[in-house]
Amino acid sequence: MQEPPPDLAELVRAAQGGDQLAVGRLLDQITPYVRRLCGPIALDDGADATQEALIVVFRKLRQLREPDALFGWVRAIAVREAVRYATRTARSQPAELGELPAPGDPQLAADIGDVLSRLSPEHRAVLLLRDLEGLDERQTATLLAVAPGTVKSRLSRARLSFRKAWQQ
């Protein structure tokens, strides 16, 4: 997760108070983070999901009670919007993978993206939160608004689906 700047709480409070300069600076701080969360989940709709998540963030910014919790609050909104976009525009199956590239090959990232695109939005979200963001089961369950057992089963199924798709 991105390290918040030392004056983040002040910046959030100023933005909550209507300071447009603070809103712009806050936007600069959180946009890359939101983009990094939305892209792998919403795939081709990542830009739209990012934009919608940022709109929700700024529409509800005054509801944020603890400015130091900004990035966790933003993460919850971004993941929810990315899953919503990805679910709404269900994807068709992309072409099968050819030969597997060697580690370090630029094609590897593209192939991983292709395999991820074959997973459901819910599975992409749980993989992103657990394996890339490093959240535990309870935190992931809270963000996705599901029971911890559901996170466990989704993660297991997501990893299995990823392995199967990778081997095709």
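Glu81 is buried, with a relative accessible area of 8%; here buried means under 20% relative accessible area, exposed means over 50%, and partly exposed lies in between, using a 1.4 Å probe and protein chains only. This glutamate is found in helix H4, residues 70-88. Leaving aside residues up to four places away in sequence, Glu81 touches Ala49, Glu52, Ala53 and Val56, where contact means heavy atoms within 4.5 Å. Helices are DSSP runs of H or I with at least four residues, strands are runs of E with at least two, and both are numbered from the N terminus.

Before going further, a word on the model: it is predicted, local features need pLDDT of at least 70, side-chain atom pairs count only at pLDDT 80 or more, and totals for chains, interfaces and linings use all residues. Residues are numbered from 1 along each chain as its sequence is written, and side-chain values use heavy atoms, with hydrogens and water left out.

Now step back to the whole chain. The protein chain has eight helices and zero strands, so from the N terminus on its elements run α-α-α-α-α-α-α-α. Of its 168 residues, 42% count as buried. Among contacts in the chain with a separation of 6 or more, 66% are accounted for by residues 24 or more positions apart. The accessible surface comes to about 9400 Å², of which 51% belongs to carbon and sulfur atoms; such areas come from the Shrake-Rupley method with a 1.4 Å probe, and for residues only the protein chains shown count as cover.

Helix H6 (residues 121-132) and helix H7 (residues 137-144) pack at an angle of about 140°, with their axes 10 Å apart. That makes H6 oblique to H7, because angles under 35 degrees count as roughly parallel, over 145 as roughly antiparallel, 65 to 115 as roughly perpendicular and the rest as oblique. The axes are lines fitted to C-alpha atoms, for helices over the stretch in contact, and the angles run from 0 to 180 degrees between N-to-C directions. On the H6 side the contact is made by Ala125, Val126, Leu129 and Arg130, and on the H7 side by Glu137, Thr140, Leu143 and Leu144. These residues divide into five nonpolar, one polar and two charged; Ala, Val, Leu, Ile, Met, Phe, Trp, Tyr, Cys and Pro count as nonpolar, Asp, Glu, Lys and Arg as charged, and the others, Gly among them, as polar.

The next pairing is that of H7 with helix H8. H7 and H8 pack at an angle of about 100°, with their axes 8 Å apart, which makes H7 roughly perpendicular to H8. H7 contributes Glu137, Thr140, Ala141 and Leu144, while H8 contributes Pro148, Val151, Lys152 and Arg154. This contact divides into four nonpolar, one polar and three charged residues.

Glu137 lies in H7 and is partly exposed, with a relative accessible area of 27%. Not counting residues up to four places away in sequence, Glu137 touches Arg130, Pro148, Val151 and Lys152. Glu137 and Gly149 are 12 residues apart in sequence and 8.3 Å apart in space, C-alpha to C-alpha.

Finally, visit two loops. Ala145, in the loop between H7 and H8 (148-167), has a positive phi of about 60° although it is not a glycine. At 68% relative accessibility, Ala145 counts as exposed. Leu43, in the loop between H2 (20-42) and H3 (46-59), is not a glycine either, yet has a positive phi of about 55°. Leu43 is partly exposed, with a relative accessible area of 22%.
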